[in-house]
Amino acid sequence: MSDSAIDPAMDVPAPDQPDTSAATNPEADAEFLDGEASSTSPRPTPRVIAIANQKGGVGKTTTAINLGAALAELGFRTLVVDLDPQGNATTGLGINPTSLDGTTYEVLIDGLGLEDCVEPTEVRNLYLAPASRDLAGAEVELVPMMSRETRLKRAVDAVLDDYDYILVDCPPSLGLLTLNGLAAVSEVIVPVQCEYFALEGVALLSNNIELVRTNLNPSLEITGVLLVMYDSRTKLADQVAAEIQGHFGSKVFRNKIPRNVRLSEAPSHGQPITVFDSSSRGAVAYRELAREVAGVS
Ligand SMILES: Nc1ncnc2c1ncn2[C@@H]1O[C@H](COP(=O)(O)OP(=O)(O)OP(=O)(O)O)[C@@H](O)[C@H]1O
Ligand SMILES: [Mg+2]
């Protein structure tokens, strides 16, 4: 779906005093970019975080699965919500999407409680709200529905007490599924691949997040920009990293995720990297990231 899904006239109450200038002014990023990606002290839980970037194949699902597994390993009860009809987080966590009674489709369309579709995973403390291909239809079926942008929020709010972290793996679009994701969370982590057009994509996403903030979810903020598939041997990776750092400053996570073939192999075994190859560079990087996100040393 196109950017037009973000319609300033959507059927949700606007915040009391919307700052409409923010929606049209790219410089207005400043307010929600204040602060740092990492912090030295633990942040209060529960935290609900979308992993989003409308660009495809940038490492959203890899981050949702492996950051989730690393947070679970730290002892946090963590739920990964698969909001992508591709169902990559579902299969990547070893759940067969064809043999499920409840999925995020029923949560969005039929009002099923998240607790009625959550599956345990192989990892202690890590749970999954799975997706099936039916979810593709939800983009269309949601259109005429009441509160179409906030149906996931209703479901997430109802289980907040059960988890420390809820990570929402968004699809590569800015349609109603992603809007439901961004409406349900208060934080966004944006994975960015260190390639030539990366910054343009992130600038577009920042503007769209600002639109969602103005019209749908005033408490939304970017927690951090995560550099992924980083290859320190290439000059381009360093140039892109420097450019993103220049734009987002301290909002860029200190830990970068390296390009690591084990990370790309793990999903076909239905395991997060922390299980599949616990000592790989990918596993170490996601563990470090989890500590940075959680603010624990
Ligand atoms: N750090 C990494 N090193 C090597 N391969 C990676 C890394 N991160 C992700 N990949 C691989 O890159 C591909 C895209 O990653 P992923 O599926 O996480 O992206 P995505 O943003 O969720 O994609 P989509 O937009 O389609 O949902 C996958 O094949 C994945 O295994
Ligand atoms: Mg994905």
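**Helices α9 and α10**

I looked up the handedness of the crossing of α9 and α10 and found it right-handed. A crossing counts as right-handed if the near helix is turned clockwise from the far one by less than a right angle, and as left-handed if anticlockwise. Helices here are DSSP runs of H or I with at least four residues, strands are runs of E with at least two, and both are numbered from the N terminus. Helix α9 covers residues 198-215 and helix α10 residues 235-248; their axes come within 10 Å and cross at roughly 25°. I note that the axes are lines fitted to C-alpha atoms, for helices over the stretch in contact, with angles running from 0 to 180 degrees between N-to-C directions. α9 and α10 are therefore roughly parallel to each other. The classes are roughly parallel for angles under 35 degrees, roughly antiparallel over 145, roughly perpendicular from 65 to 115, and oblique for the rest.

Next I listed the residues that meet: Ala198, Leu199 and Val202 from α9, and Val240, Glu243, Ile244 and His247 from α10. These divide into five nonpolar, one polar and one charged. Nonpolar covers Ala, Val, Leu, Ile, Met, Phe, Trp, Tyr, Cys and Pro, charged covers Asp, Glu, Lys and Arg, and the others, Gly among them, count as polar. Two residues are in contact if their C-beta atoms, placed from the backbone, lie within 7 Å.

**Basis of the entries**

The model is predicted, so I record its limits: local features need pLDDT of at least 70, side-chain atom pairs count only at pLDDT 80 or more, and totals for chains, interfaces and linings use all residues. Residues are numbered from 1 along each chain as its sequence is written, while chains are lettered from A and ligands numbered from 1 in the order in which they are written.

**Whole chain**

I counted 13 helices and seven strands in the protein chain. Buried residues make up 48% of its 297 residues. A residue is buried if 20 or more other C-beta atoms, placed from the backbone, lie within 10 Å of its own, exposed if 12 or fewer, and partly exposed in between. Of the contacts between residues at least 6 apart in sequence, 80% join residues at least 24 apart.

**Core**

Which residues have the most contacts inside the largest nonpolar core? I found Leu167, Val168, Leu182, Val188, Val190, Val192 and Val225, in a core of 88 residues. Such a core is a set of buried Ala, Val, Leu, Ile, Met, Phe, Trp, Tyr and Cys residues joined through C-beta atoms within 7 Å. I followed up leucine 182: leaving out residues up to four places away in sequence, leucine 182 touches Ala50, Ala52, Val188, Ile209, Val212, Asn217 and Leu220.

**Two further helix pairs**

The axes of α3 (residues 60-73) and α13 (residues 281-294) come within 8 Å and cross at roughly 70°. On the α3 side I found Asn66, Leu67, Ala70 and Leu71, meeting Tyr286, Arg287, Leu289, Ala290, Val293 and Ala294 of α13. This contact has eight nonpolar residues, one polar and one charged.

For α7 and α8 (residues 176-184), I noted an angle of about 40° and axes 7 Å apart. α7 and α8 are therefore oblique to each other, and the crossing is right-handed. Arg151, Leu152, Lys153 and Val156 of α7 make the contact with Asn180, Gly181, Ala183 and Ala184 of α8. The residues divide into four nonpolar, two polar and two charged.

**Backbone in the loops**

Most residues other than glycine have a negative phi, and most peptide bonds are trans. I found a cis peptide bond between threonine 45 and proline 46, with omega about 5°. Proline 46 lies in the loop between α2 (30-33) and β1 (47-51).

Asparagine 125 has a positive phi, near 75°, and sits in the loop between β3 (119-120) and β4 (126-129).

**Arginine 43**

Arginine 43 is in the loop between α2 and β1 and counts as exposed, with 12 C-beta neighbours inside 10 Å. I found arginine 43 and glycine 295 252 residues apart in sequence and 6.3 Å apart in space, C-alpha to C-alpha. Not counting residues up to four places away in sequence, arginine 43 touches Ala294 and Gly295.
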